[in-house]
Amino acid sequence: MVTGALLAAALGAPALAQESLPVTGYIEWGIWVDPDGCTHWVADGGFEGYMVPRINPATGRPICGARPSTTSQSQAGS
């Protein structure tokens, strides 16, 4: 009987923690350029992240050709 009470308490604790977190329903998306120059929509949802390749709606192909910027490249011209 004590085991059942402990199990119920352990299973109930995560549910209580999840209910206390505020849900905003809004995720801010950004753009990330991979090393090949293809762009992706990215978002950090806190507990999990999201990444979706950017697709040209006319062709259905990934949008590539952008140059990824790094700190060393941006400071090289300074």
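1. Glu-48 lies in the loop that links S2 to strand S3 (49-53); strands here are DSSP E runs of at least two residues, numbered from the N terminus. Just so you know, this is a predicted model, where local features need pLDDT of at least 70 and side-chain atom pairs count only at pLDDT 80 or more, while totals for chains, interfaces and linings use all residues. Numbering starts from 1 along each chain as its sequence is written, and side-chain values use heavy atoms, with hydrogens and water left out.

2. Glu-48 counts as partly exposed because its relative accessibility is 44%; the class sits between buried (under 20% relative accessible area) and exposed (over 50%), with a 1.4 Å probe and protein chains only. Its side chain has a polar contact with the side chain of Tyr-50, at 2.9 Å. That term means a pair of N or O atoms within 3.5 Å; within protein, one must be able to donate a hydrogen and the other to accept it, and residues adjacent in sequence count only if both atoms are side-chain atoms.

3. Over to His-40, in strand S2 (residues 39-44). His-40 is buried, as its relative accessibility is 13%. The side chains of His-40 and Asp-34 make a polar contact of 3.0 Å. Beyond neighbours within four places in sequence, the contacts of His-40 include Ile-31, Met-51 and Arg-54, contact being heavy atoms within 4.5 Å.

4. S2 runs antiparallel to strand S1 (residues 29-33), with 5 bridges between them; pairing takes at least two DSSP bridges. Opposite His-40 stands Trp-32. The S1 and S2 hairpin has 5 residues between its strands, and Gly-37 has a positive phi near 90 degrees there.

Key
Helix = DSSP H or I, 4+ residues; strand = E, 2+ residues; numbered from the N terminus.
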